[in-house]
Amino acid sequence: MKMKVDLRELCDHALRISEAEQTEVFSIRATMKNYYIDDGKIIIGTDNTWIGVGIKSVIKKRIGYFSRTIHKKREVESIVQKSFEIAKISPPDEKFSSLPSPEPVSGSIEKVYDESTAQADPREIVENLTVFLDSTQREGVKVMSGFLRITEFEFVVKNSLGVDFSHQGTLVYLFATAKKETGEGIIKRFSTSLSGIDYQKAGEDLFERTKLASNARAFKGVKEVDAIIAPMEVAGILSVIPTAASGELINRGASPWINKLGQEVASKDLTVIDDGRLPGGLKSALADDEGVPTTRKAIIEKGILKNYLFDTYNAGITGTKSTGNGFRRGTTSIENAHTRPVSCAASNVIVQPGSKDIQGLVSETDEGVLIYKFAYPHVDPISGNFGLEVRNAVLIRNGSPETAVKHAILAGNIYTALKHIDGLGKQQYFIGSFLVPYIKFSKLQLIGS
């Protein structure tokens, strides 16, 4: 049941009583339903509703931020006071110029809020999970843990300069791990609606990944390979692209792409777009989380670095304009969105697809590996170096998949690898805020014990 607090009235009240020179109020109401899987069975779900408020106060370039959850409108008064007190004792931030000024926000975005998902009956949710489990659990495969999370939310952001923006959305996240003998499979699915996930196909995919992992053997030796990486893992690797293009890293002098606008940073086959208004995008809204209109722009176009991403603070440092990339919200959960000020981040990152299906990418590979799962797909965004533990993969020889392998390291440098992309799949998949295909990288090292 929703708390009876009007978010806009709450923000207006905070702005009226604030004594700061500039004030920003971010308020969010969310209802999160979690239905858990444990040891192959659906267990009791949870249903939690909360309202969170975060307030930024500015006094002569001194910035204070304070946040908490509330139950009644008058509780916002203590947040205003704490934020003001923090600003008074904080050192001046000479790089700060101003909170964003209001800009016209217009248009509409499809598939960001689904009423049937927001009002979903527990029986429907359980039925979906039952289909998922039934299509996974066979031939010795068992789902060990997992959950289906449904979030309905609305937020309002207002500031003392006149910014006034609100947004409503729904998010659905399915996560599960399964085992067969010593093999483990993992599945993730993202959508803005319950009907946007194919639960049977998700279960079938988890079954196949787990079965494959159960037959995998440790890779031995060292070889140079072409690596075809599945969307769930390639999204993590490619997170370095919006990070390197972040105005925050540019201003800190930490990005490898400083002063490289207009230069080649990747294969001509690679185009990466940041689209804050993507239909069905998990971070789509007409404005970002500080009320600046979102945009669609290429980060990389046919291998050429085209744009950096800016929130208002970092745009002010460089004397440019925000690109609508000030965010607080995540994609798997938004329960802490109010606890932090905006940061410079991507909205929805789209990797433009290629023309081949996965079989086509494999058939053109003489010596390679098809990777479904890393232990953790993390790449150092500054150096670009990586050494990723392969948990679930298949060796490819002469265009055909052969042996399932695990316990290997895929090593290389992502900024070099981006220039050696040798193929992109034609089907895209939502993985959090990324929409990505399978991607084939050449000249990487596969290392075994």
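Colleague: How many bridges join strand β18 to β22?

Modeller: Good place to start, with two notes first: this is a predicted model, where local features need pLDDT of at least 70, side-chain atom pairs count only at pLDDT 80 or more, and totals for chains, interfaces and linings use all residues. Residues are numbered from 1 along each chain as its sequence is written, and side-chain values use heavy atoms, with hydrogens and water left out. Strands are DSSP runs of E with at least two residues, helices are runs of H or I with at least four, and both are numbered from the N terminus. Strand β18 covers residues 408-413 and runs antiparallel to β22, and the number of bridges joining them is 4.

Colleague: In β22, which residue is the bridge partner of A411?

Modeller: Two strands pair if DSSP finds at least two bridges between them. Strand β8 (residues 222-229) is joined to β22 as well, antiparallel and over 7 bridges, and there E224 stands opposite Q445. For A411, the bridge partner in β22 is Q445.

Colleague: How many residues of strand β22 are buried?

Modeller: Buried means under 20% relative accessible area, exposed means over 50%, and partly exposed lies in between, with a 1.4 Å probe and protein chains only. Strand β22 runs over residues 439-448 and is mostly covered. Of its 10 residues, the number buried is 7.

Colleague: Why is G448 buried?

Modeller: G448 is found in strand β22. G448 counts as buried because its relative accessible area is 18%.

Colleague: And why does S284 count as buried?

Modeller: S284 sits in the loop between β9 (272-275) and β10 (296-301). From D134 it is 150 residues away in sequence and 33 Å away in space, C-alpha to C-alpha. S284 counts as buried because its relative accessibility is 2%.

Colleague: In the open sheet of 6 strands, which are the edge strands?

Modeller: The order of this sheet is β11-β10-β9-β14-β21-β20, with mixed pairing. Inside it, β14 (residues 349-351) and β21 (residues 434-436) pair in the parallel sense over 2 bridges, and I350 stands opposite L435. An edge strand pairs on one side only, and here these are β11 (304-305) and β20.

Colleague: What is the volume of the largest pocket?

Modeller: Rolling a probe the size of a water molecule over the atoms shows where empty space is left. On a 1 Å grid over the protein atoms alone, a pocket is an open set of points with protein on both sides within 12 Å along at least five of seven lines, a cavity is a set where a 1.4 Å probe fits but cannot get out, and lining residues have an atom within 4 Å of a point. Grid points are joined across faces, edges and corners, and a volume is the space filled by probe spheres set on the points. For the largest pocket, the volume is about 1,100 Å³.

Colleague: Which element gives the most to the lining of the largest pocket?

Modeller: The lining has 42 residues, and the closest to the pocket's centre are R189, K201, D205, Q427 and Y429. Elements that each supply at least two lining residues include α5 (199-214) and β15 (367-374). With 7 residues, the element that gives the most is β6.

Colleague: From which element comes the largest share of the lining of the second largest pocket?

Modeller: This pocket holds about 820 Å³ of space. Of the 34 residues that line it, the closest to its centre are A235, G236, S239, S433 and F434. The largest share, 4 residues, comes from α6.

Colleague: What is the angle between the planes of Y173 and F190?

Modeller: Rings of Phe, Tyr and Trp (its six-membered ring) pair if their centres lie within 6.5 Å, and planes under 30 degrees apart count as stacked, over 60 as edge-to-face and the rest as tilted. The structure holds 9 aromatic pairs. Y173 and F190 form a stacked one, 4.8 Å centre to centre, and the angle between their planes is 20°.
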